[in-house]
Amino acid sequence: MADDYLVRIGKLIRDARQHRGWTQTQLAEALATSQSAVNRIERGNQNISLEMIARIGEALDSEIVSLGYAGPMHLRVVGRRRLSGAIDVKTSKNACVALLCASLLNKGRTVLRRVARIEEVFRLLEVLNSIGVRTRWINDGVDLEIVPPAELDMESIDAEAAIRTRSIIMFLGPLLHRMDRFRLPYAGGCDLGTRTIEPHMIALRRFGLEITATEGIYHAQVERSVSPDRPIVLTERGDTVTENALLAAARHDGVTVIRNASSNYMVQDLCFFLEALGVRVDGIGTTTLTVHGIPQIDVDVDYSPSEDPVEAMSLLAAAVVTESELTIRRVPIEFMEIELAVLEEMGLDHDRSAEYAADNGRTRLVDLTVRPSKLEAPIDKIHPMPFPGLNIDNVPFFAAIAATAQGKTLIHDWVYDNRAIYLTDLNRLGGRLQLLDPHRVLVEGPTRWRAAEMMCPPALRPAVVVLLAMMAAEGTSVLRNVYVINRGYEELAERLNSVGAQIEIFRDI
């Protein structure tokens, strides 16, 4: 029981420190102790006095720490409030996690601008810190500095943090250039059914990487004599698969051709970052990438990831379901054009500004104004396709939008085994969704949303869809244990409140 108490206190201290934007070293300096002591405290491996808890609470300006353990975060939503004004889209979650993994390629200092402060990023930072990478938030906690050690300490990897993120699989590509043998915990993340890593293995074997899996661990071994002697054809045009192949190719001494590559937004951001590292990548935005690798990368690099098209879609859906006029600024339009074309056919009233460049100088942005609209169900089904098709992660938001439209909409979410099932949680809020099979759901609208109290679905995008429906519902709803939303969105409730929502964050006593 005592050990469990220390672990819970440690996690609470860690979360408060990260919320403040401090590293373990910065907290240690404020407490006049060592970084290793702070590390032990946060892992629950050191007894801690009430006096020390109070000192930590004072240093972090966190009353919760001084009071003790706080349980999971919940949201209390007062619905039927119109949104108004303007809201900015944050940087891409998926790009940020890919760039954190890509920083392992570089022996120099990497600075990433306006990094999304989300749980997925925090988990990766915990993993990086545990293997010796020094990270710190700079410029008032807006930007992130990453400095690698001469040698990575893979034996000390934070397994608990690693298994909570599927992004850990993108360590494979960089690590195969740094060591001949290493171990990684199994990848986790959202509960979206069975997701094989075999496409990753097919690509990475061409660089000499062999994996055996035992007892929750990937055991990796690299055969240096093996290198790609012909183009790599990906068996799945997946985003993380393409990113892993790119990461492996970046430090391969030669030219690597990757075919059937994803050209999605996070892949393009990774390519732009590799170019900043000095790696030439031809074919960005197409399905054939040619990487001119360099065996050693030791540069100080400063890069700004672009905005998140899935967050942009989330905010657009929030405006639609609440029948609001809202301006969504900094929308990466190249990755939203199909979604907007479908919505235009459904009757969406909107306009957009002239295009302008993102901070990376490459991605095209617009400001999008959405107005209350009378929507009709689309004639064709809603289904995702690899870019430039409708984004896989934007499909769930069409469930909430279709529920506000007149008629029946068929949504075919063929990529994930379970995600369509989670969309039927909208029925508890008054929706009329019929599950036809694990991948297809029929949505009938319009919907008179009603308030409810429910647990958060375990998948990120369906969880946000439920939150949006609660915002449209008459009365007060409660969404419990929203960690999965915090994995992918930075302060979503607070930002929605800034444009007129009424969402209260609370925890169980």
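Select residues 209–214 and 217–222 to begin: these are β7 and strand β8, which pair in the antiparallel sense over six bridges, where strands are DSSP runs of E with at least two residues, numbered from the N terminus, and two strands count as paired if DSSP finds at least two bridges between them. Within this pair, L209 stands opposite V222 in β8. The model is a predicted one, in which local features need pLDDT of at least 70 and side-chain atom pairs count only at pLDDT 80 or more, while totals for chains, interfaces and linings use all residues. Residues are numbered from 1 along each chain as its sequence is written, and side-chain values use heavy atoms, with hydrogens and water left out.

The view now holds an open sheet of three strands in the order β6-β8-β7, with antiparallel pairing. From one strand to the next the twist averages 25°, an angle taken between N-to-C directions on a scale from 0 to 180 degrees, with axes that are lines fitted to C-alpha atoms.

Then move to residues 288–292, strand β12, together with residues 255–259, strand β10; the two run antiparallel and are joined by five bridges.

Finally, select residues 280–282, strand β11, which pairs with β12 in the antiparallel sense over three bridges. Here V281 stands opposite V291 in β12. The hairpin of β11 and β12 has five residues between the strands, and in this hairpin G283 takes a positive phi near 90°.

Definitions and conventions. Helices (H or I, at least four residues) and strands (E, at least two) are DSSP runs, numbered from the N terminus.
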